[in-house]
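Subject: Handover of a structure, with notes

Dear colleague,

Please read them with the structure open beside you.

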Amino acid sequence: MSAHIPELNIRQIYAAFNQPITLIDCGEMCAPYNSNETPFCCDICHAVPAAYAQEWKFLQKNTYLWHEWRGDECAATPTEAASLRAETPEAMLLLACLGATQCQRPYRALSCRQFPFFPYITDDFRFLGLAYEWAFEDTCWVISHLEQVSLEYRQEFTTTFDELFSRWPQEMESYAIHSEEMRSAYVEMRRRIPILHRNGGCYLLNPGSERIQRVESKKLAKHGPYQ
Ligand code: SF4
Ligand code: SF4
């Protein structure tokens, strides 16, 4: 049986979560390292955006920016459509946009706004702060420059997901599972997880014990071409 999904006010959610991640345009920092000179998160060959079904309804009414992902948009490396669809949560669907040169900021999906972050949920079910999508460590410039993430962005991120989770606890569970996957990956790599804590600080979290230690964000490891 499908879990209850509350009615979401997408216009309001977008209005309340609209701050850029950093003061500088981070797309200009990563695009030079992509073979087609497109920011990695706006390149369908690197990331396929997902949106809630309610978002898709809202977007269809307001813009021609998006279409439902077909799986053939990336000519260079066709994605395994069936497996990606199978991994997509029931309440979401996969989309593709017209590309970075035709982006319409007011109609970016929630997944665009939160990228490269997701809400980190502890083993005892607390929303601790922002963790990043570790698969993008070598491509996303922001991940190597967490000190540049503005406090305003972090505040909007936290408030948006606090509100979402208070109305939709099952969505918090799906991020709890993702957080658990990150802990397992980091236990295997013998690394600690960088967290932009909801208290405004930056911490390294031990993936085994979940003990945290405050650190200076600008001293965190850099990755890929950003080293
Ligand atoms: S969020 Fe990361 S991948 Fe996306 S444009 Fe900024 S630096 Fe590039
Ligand atoms: S809507 Fe804009 S931010 Fe989102 S993937 Fe497309 S170009 Fe990037």
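This is a predicted model: local features need pLDDT of at least 70, side-chain atom pairs count only at pLDDT 80 or more; totals for chains, interfaces and linings use all residues.

Residues are numbered from 1 along each chain as its sequence is written, and chains are lettered from A and ligands numbered from 1 in the order in which they are written.

In general, strands of a sheet pair through backbone hydrogen bonds, either parallel or antiparallel.

Going through the sheet pair by pair, β5 and β6 run antiparallel and are joined by two bridges, with G129 standing opposite H197 in β6. Four bridges link β6 to β7 in the antiparallel sense, and there L196 stands opposite C202 in β7. The hairpin of these two strands has four residues between them, of which G200 takes a positive phi near 100 degrees. G201 also lies in the loop between β6 and β7, and is partly exposed, because 14 other C-beta atoms lie within 10 Å (buried means 20 or more other C-beta atoms within 10 Å of the residue's own, exposed 12 or fewer, and partly exposed in between, with C-beta atoms placed from the backbone). Further along, β7 and β8 pair in the antiparallel sense over three bridges, and Y203 stands opposite R214 in β8.

Strand β6 is mostly covered, with four of its five residues buried. One of the residues to look at is I195, which, leaving aside its neighbours within four places in sequence, is in contact with Y120, L128, G129, L130, A131, Y203, L205 and I212 (contact means C-beta atoms, placed from the backbone, within 7 Å). I195 is also among the residues with the most contacts inside the largest nonpolar core, together with L130, A131, C140 and V142, and that core has 30 residues. Such a core is a set of buried Ala, Val, Leu, Ile, Met, Phe, Trp, Tyr and Cys residues joined through C-beta atoms within 7 Å. The elements that give two or more residues to this core are α2 (26-30), β4 (117-121), β5 (127-132), α6 (151-167), β6 (193-197) and β7 (202-205). Apart from it lies another core, of 15 residues, among them W66, M92, L94 and A109.

There is also an open sheet of three strands, in the order β1-β3-β2 and with antiparallel pairing. Because β1 (50-52) and β2 (66-68) stand at the edges with a single partner strand each, one side of each is left without a neighbour in the sheet. The twist averages 50 degrees from one strand to the next. Three bridges pair β1 with strand β3 (residues 92-97) in the antiparallel sense, A51 standing opposite L93 in β3, and helix α3 (residues 53-62) lies across β1, β2 and β3 at about 90 degrees to β1.

Finally, the ligands. Ligand 1 is surrounded by C26, G27, M29, C30, P39, F40, C41, F115, P116, C140, W141 and V142, where a residue counts if its C-beta atom, placed from the backbone, lies within 6 Å of the molecule. This shell divides into 11 nonpolar, one polar and no charged residues (Ala, Val, Leu, Ile, Met, Phe, Trp, Tyr, Cys and Pro count as nonpolar, Asp, Glu, Lys and Arg as charged, and the others, Gly among them, as polar). Around ligand 2 are C42, P49, C97, G99, A100, C103, R108 and C112, that is, six nonpolar, one polar and one charged residues. G27 is found in helix α2 and, leaving aside its neighbours within four places in sequence, is in contact with P39 and A100.

With best wishes

Terms used
Two residues are in contact if their C-beta atoms, placed from the backbone, lie within 7 Å. Two strands pair if DSSP finds at least two bridges between them. Axes are lines fitted to C-alpha atoms, for helices over the stretch in contact, and angles run from 0 to 180 degrees between N-to-C directions.
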